[in-house]
Amino acid sequence: MCKVLVVELPAGIEGFVTELRAGRYVVCLNSRLPAEERARALRHEVAHIRLNHFSQDNKSIQEMEQEADLLAAMGN
């Protein structure tokens, strides 16, 4: 289950995802972004979930961000 919130975040932060417990996530998107950019940020954050980045401590943040960008660009 994934809940999506649109909230005011600091400039430069498009969004983030956090795992509440196994299989339950909250995605926060920056309300300051135009709708198209929020949609792109949502695809990116959902990609982190699909790629199971919450249990991969063997990858750097850069690697995980690149993987999420690639999957998001493919349309999830």
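Contact here means heavy atoms within 4.5 Å. Hi everyone, with that in hand, let's look at the structure. This is a predicted model, where local features need pLDDT of at least 70 and side-chain atom pairs count only at pLDDT 80 or more, while totals for chains, interfaces and linings use all residues. Residues are numbered from 1 along each chain as its sequence is written, and side-chain values use heavy atoms, leaving out hydrogens and water.

Let's start with N30, which sits in strand β3, residues 24-30 (strands are DSSP E runs of at least two residues, helices H or I runs of at least four, numbered from the N terminus). N30 counts as buried because its relative accessibility is 2% (buried means under 20% relative accessible area, with a 1.4 Å probe and protein chains only). Its side chain reaches the backbone oxygen of I13 at 2.8 Å. Setting aside neighbours within four places in sequence, N30 is in contact with V6, V7, E8, L9, P10, I13, E14 and R38.

Next, E45, over in helix α1. E45 is buried too, at 6% relative accessibility. Not counting residues up to four places away in sequence, E45 touches G15, F16, V17 and V27. E45 and A68 are 23 residues apart in sequence, yet 7.3 Å apart in space, C-alpha to C-alpha.

Finally, the helix pair. R43, H44, A47, H48 and R50 in α1 meet M64, E65, A68, D69, L71 and A72 in α2. Thanks, and I'm happy to look at any of these residues together on screen!

Key: Buried < 20%, exposed > 50% of the residue type's maximum accessible area, 1.4 Å probe, protein only. Polar contact = N/O pair within 3.5 Å; in protein donor to acceptor, adjacent residues only side chain to side chain.
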